[in-house]
Amino acid sequence: MALFEYEARDVGGERRAGQREGVSAAAVAQDLSALGWIPTRISELTASDSSVGPTSGTGTPVRRRGRKVTIDELVLFSHQMASLTRAGVSIVVAARGLSESAKNPVLRQALADIAGNLEAGMDLASCVQRHPTVFPPLYASVIHVGENTGRLDDAFRQIARYLELEREAAKRVREAFRYPLFVLGTIVAAIVLLNILVIPAFAEVFAKFNAELPWQTQAILAVSGFMERYLWVIALLLGLGVFALRRYRATPLGRRHLDRLLLRMPLLGNMLHRIVLARFCQTFAMVNRAGIPLNRGLAIVSGTLGNAFLSHRIDVIQSAIERGTSLTQAARTANIFTPIVLQMISVGESTGSLDELMEQSAQFYEEEVDYELKRLTDAIEPILVIAIGAMVLVLALGIFLPLWDLSGVANR
């Protein structure tokens with residue numbers, strides 16, 4: 001089947017445009033006529049054209065290249081859809097109107113495609129599911145439940161609130177890494193500058209006196225000379241190491257191992273674990289509140305954690321539940337949850353209030369993460385002071401003391 005781009009007029013005379021698959025242009029015209037539309041233009045698209053634009057209403061995923069749709073844009077879109085559907089505006093008109101006002105071209109094309117497929121008779125969840133690069137899997141699942149229950153506005157409000165919490169979680173992760181990376185970068189830059197610019201100047205002074213230097217000074221000069229001569233080799237090795245690490249992380253096993261190492265990092269690991277646990281509790285509460293089946297909900301939660309190791313453990317829990325194991329027992333054997341989460345899961349499973357208890361757990365962990373972020377700053381500051389003090393001590397013992405001795409000899 002070929003892909004055709006069409007323009008048509010509906011019974012009200014309004015212009016309709018989109019793309020549709022068919023065996024021929026005549027077949028596409030027949031399909032449009034069955035919708036009550038009058039085709040005005042139908043043209044076949046080439047393979048290069050169809051790789052960028054929307055596809056037919058067959059449910060085939062559409063993947064576009066271009067500027068990424070940010071979480072802020074999805075939050076705004078969700079709030080707008082919630083308000084429009086609550087006001088009684090049809091989802092076709094809402095999607096069409098928002099597509100015309102969207103500033104992001106990727107989001108604008110996705111919404112136009114969704115509007116076209118809605119007009120062709122597809123349900124909203126299927127339309128959204130066709131755009132995995134724009135909308136996360138959770139989006140389509142919650143919308144599907146909202147459509148079936150007639151509470152689509154509530155579904156969009158839940159999604160908007162969840163995305164706002166995700167934005168806060170991402171902000172916490174950036175804050176967790178910003179200060180340590182700044183400190184580490186400052187120390188590395190200072191060491192490189194000292195060995196390339198400062199210490200070689202002292203080496204020339206020592207060479208003029210031709211005096212015997214202490215072993216500390218000789219070691220510093222040797223390291224500086226090595227870095228000065230083989231800096232390109234060091235840079236090449238670092239580049240190859242980063243490339244190999246990225247290739248390893250691109251594999252499922254490699255990403256799982258590296259994400260597990262992140263959780264074991266000193267200072268940061270415990271806080272990252274709590275951030276992921278808060279995300280798990282919040283997402284799990286949402287899918288339960290939306291009425292999504294437990295095994296399907298766990299599959300959705302697994303894809304939103306942002307940590308491959310913990311996502312794999314959630315997949316193990318899902319497999320155990322499908323074999324008939326209770327959620328509490330499966331979560332306990334996964335060995336990734338704290339006793340608080342396990343207790344909340346047990347009580348929630350027995351009382352039927354799993355969504356409420358999971359949301360309370362998420363709030364608890366968010367408060368702990370805020371506390372851990374403050375502790376992180378307090379813990380890193382002494383490390384920075386010690387590192388700077390160590391560099392000053394090395395320079396004093398290895399460079400300045402011999403220089404003072406040589407100046408004293410020269411003055412005699």
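Mentor: A pocket is an open set of grid points with protein on both sides within 12 Å along at least five of seven lines, and its lining residues have an atom within 4 Å of a point. Please keep in mind that this is a predicted model.

Trainee: Which residues lie nearest the centre of the largest pocket, and how many residues line it?

Mentor: The general idea comes first. Rolling a probe the size of a water molecule over the atoms shows where empty space is left. In this structure, 29 residues line the largest pocket, and E166, R279, G303, T304 and G306 lie nearest its centre. Two or more lining residues come from each of helix 3 (71-86), helix 8 (152-209), helix 11 (252-263) and helix 12 (268-289). Helix 8 gives the largest share of the lining, six residues.

Trainee: How much space lies in the largest pocket?

Mentor: The largest pocket holds about 780 Å³ of space. By class, its lining consists of 17 nonpolar, six polar and six charged residues.

Trainee: Let us turn to the chain as a whole. How many helices and strands are there in the chain?

Mentor: The chain has 17 helices and three strands. It comprises 412 residues, of which 41% count as buried. Among the contacts with a separation of 6 or more, 62% are between residues 24 or more positions apart.

Trainee: How is a nonpolar core read, and which residues have the most contacts inside the largest one?

Mentor: A nonpolar core joins buried residues through side-chain atoms within 4.5 Å. The largest such core here has 82 residues, and F135, F280, I317 and F337 have the most contacts inside it. Helix 12 supplies the largest share of this core, 13 residues. Leaving out residues up to four places away in sequence, F280 touches L298, V301, L305, I314, F337 and M358. Another core, of nine residues, lies apart from the largest one; I199, F202, L213 and M391 are among its residues.

Trainee: Where does L213 lie, and is it buried or exposed?

Mentor: L213 lies in the loop between helix 8 and helix 9 (215-229). Its relative accessibility is 14%, so L213 counts as buried. Beyond its neighbours within four places in sequence, L213 is in contact with F206, Q218 and L221. L213 and P402 are 189 residues apart along the chain, with their C-alpha atoms separated by 7.0 Å.

Trainee: How should I read an aromatic pair?

Mentor: A pair of aromatic rings is described by the distance of the centres and the angle of the planes. There are nine aromatic pairs in the structure. In the pair of F226 and Y230, the ring centres are 5.1 Å apart and the planes stand at 40°, so the pair is tilted. F226 counts as partly exposed because its relative accessibility is 43%, and Y230 is likewise partly exposed, with a relative accessible area of 36%. Elsewhere, ring pairs link F77, F135, Y139 and F156 into a cluster.

Trainee: Which elements lie on either side of the loop that holds N335, and what is its phi?

Mentor: N335 lies in the loop between helix 15 (327-334) and helix 16 (339-351). Its phi is positive, about 60°, although N335 is not a glycine. The relative accessible area of N335 is 67%, so this residue is exposed.

Trainee: To close, which residues does C127 touch?

Mentor: C127 has its place in helix 6 (residues 124-129). Its relative accessibility is 0%, so C127 counts as buried. Not counting residues up to four places away in sequence, C127 touches I114, N117, L118 and M122.

Terms used:
Residues numbered from 1 in each chain as written. Predicted model: local features only at pLDDT ≥ 70, side-chain atom pairs only at ≥ 80, totals over all residues. Heavy atoms only, no water. 1 Å grid on protein atoms, 1.4 Å probe; cavity = no way out; pocket = protein on both sides within 12 Å on 5 of 7 lines; lining within 4 Å. Points joined across faces, edges and corners; volume = space filled by probe spheres on them. Helix = DSSP H or I, 4+ residues; strand = E, 2+ residues; numbered from the N terminus. Nonpolar A, V, L, I, M, F, W, Y, C, P; charged D, E, K, R; others polar. Buried < 20%, exposed > 50% of the residue type's maximum accessible area, 1.4 Å probe, protein only. Contact = heavy atoms within 4.5 Å. Phe/Tyr/Trp six-rings, centres within 6.5 Å; stacked < 30°, edge-to-face > 60°.
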